[in-house]
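The structure is shown first, and the points follow by topic.

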Amino acid sequence: METGLRNRVAIVAASSQGIGRAAAQAFAAEGCQVAMCARNKPPLQQAAETIKQQYNVPVLAEAFDVTDAGAVCDFVKSVVARFGSVDICVTNAGGPPAKGFLATNHDDWRKALDQNFLSTVYFAHEVIPHMQAKRWGRIITITSITTKQPVPDLVLSNAVRAAVVGLVKSLANEFGKDGILVNNVAPGYTATDRLKELAKSRSAATHKSEKDIYDAWAMDSALKRVGQPEEVADTIVWLASERASFITGQTILVDGGAYKGL
Ligand code: NAD
């Protein structure tokens, strides 16, 4: 399948590991110029160097926290200075902690909003004018199956991710006329460090083994397994490609059939 992505400039936020890293790698495999970020410099540099060597494409990597609006602005400026523009922006960040409602405090809610909602606002603000100038752009948010089906003990994600979906739909409507497509990718249980952390906290709360918790997640999906980060990344690349040119404002679940609704 010809994706038409060669030489496109793709930002992938929060990409030193997990789904973000897999997405950065998948864009590099398509011949994109890739810009990566994450909070911790050493793992980010290592991921960037590996991708650069493996695919022989230019990779820019800067360490910062996506909750810092000024840092997001500076990063997008660096990307434009290095690559000339921005074509694709994948917004991503770590997930909020697993908690039931009464275990949360106001600080948890503010952090979840900063990390999983406002970071998307910051990136969208910075990249949209560049995409408007080219009359071509793709913004893809990474959220969660919680946008369709609340997950027990993930009340922060269940509530805050819905705001991202509202933003995605609004941006899709407002900027479709400029050739900018905005979509949301919602992973189900995917084998990353985030899932290991969740298994650990569930195991501590329920006294079940981490393996039993993984097995239950797998059995919950139609495909009877958890996903791989590369499977989410392939969906992200497809949405960014010319092969998905009439899709905007949508949430695409990559969950192996875990969502039970119609
Ligand atoms: P992960 O923990 O493996 O990786 C998260 C990445 O984000 C890392 O590179 C980390 O350095 C970076 N990061 C975290 N907070 C950041 C911040 N504030 N600023 C900059 N970088 C930051 O997570 P993952 O499993 O790849 O998940 C990615 C997203 O998908 C998360 O929001 C997660 O909640 C969501 N999600 C994951 C699953 C799953 O099963 N793995 C399921 C549904 C949704």
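An open sheet of 7 strands has the order 3-2-1-4-5-6-7 with parallel pairing, where two strands pair if DSSP finds at least two bridges between them. Strand 3 (59–63) and strand 7 (251–254) stand at the edges with a single partner strand each, so one side of each lacks a neighbour in the sheet. The model is predicted: local features need pLDDT of at least 70 and side-chain atom pairs count only at pLDDT 80 or more, while totals for chains, interfaces and linings use all residues. Residues are numbered from 1 along each chain as its sequence is written, and side-chain values use heavy atoms, with hydrogens and water left out.

**Sheet**

- Helices (H or I, at least four residues) and strands (E, at least two) are DSSP runs, numbered from the N terminus.
- Strand 6 (residues 180–187) runs parallel to strand 7 and is joined to it by 4 bridges.
- Pro 187 has Val 254 in strand 7 as its bridge partner.

**Helix 4 and helix 5**

- Helix 4 (residues 106–134) packs against helix 5 (residues 155–175) at an angle of about 15°, and their axes are 9 Å apart.
- Axes are lines fitted to C-alpha atoms, for helices over the stretch in contact, and angles run from 0 to 180 degrees between N-to-C directions.
- Helix 4 and helix 5 are therefore roughly parallel to each other (angles under 35 degrees count as roughly parallel, over 145 as roughly antiparallel, 65 to 115 as roughly perpendicular and the rest as oblique).
- Their crossing is right-handed, that is, the near helix is turned clockwise from the far one by less than a right angle.
- Residues of helix 4 including Trp 109, Leu 113, Phe 117 and Ile 128 meet residues of helix 5 including Leu 156, Val 160, Leu 167 and Phe 175.
- The residues of this contact of helix 4 with helix 5 comprise 16 nonpolar, 3 polar and 2 charged (Ala, Val, Leu, Ile, Met, Phe, Trp, Tyr, Cys and Pro count as nonpolar, Asp, Glu, Lys and Arg as charged, and the others, Gly among them, as polar).

**Helix 1 and helix 2**

- The angle between helix 1 (residues 18–29) and helix 2 (residues 41–55) is about 25°, with axes 10 Å apart.
- Helix 1 is thus roughly parallel to helix 2.
- The crossing of helix 1 with helix 2 is right-handed.
- Arg 21, Ala 24, Gln 25, Ala 28 and Ala 29 of helix 1 make the contact with Ala 47, Thr 50, Ile 51, Gln 54 and Tyr 55 of helix 2.
- In the contact of helix 1 with helix 2 there are 6 nonpolar residues, 3 polar and 1 charged.

**Individual residues**

- Gln 33 lies in strand 2 (residues 33–38) and is buried, at a relative accessible area of 17% (buried means under 20%, exposed over 50%, partly exposed in between, with a 1.4 Å probe and protein chains only).
- Beyond its neighbours within four places in sequence, Gln 33 is in contact (heavy atoms within 4.5 Å) with Asn 7, Arg 8, Val 9, Ala 10, Pro 58 and Phe 83.
- Asn 7, in the segment before strand 1 (9–12), is exposed, with a relative accessible area of 52%.
- Although Asn 7 is not a glycine, its phi is positive, near 70°.
- Ala 14, in the loop between strand 1 and helix 1, also has a positive phi, of about 50°.
- Leu 181 belongs to strand 6 and is buried, with a relative accessible area of 11%.
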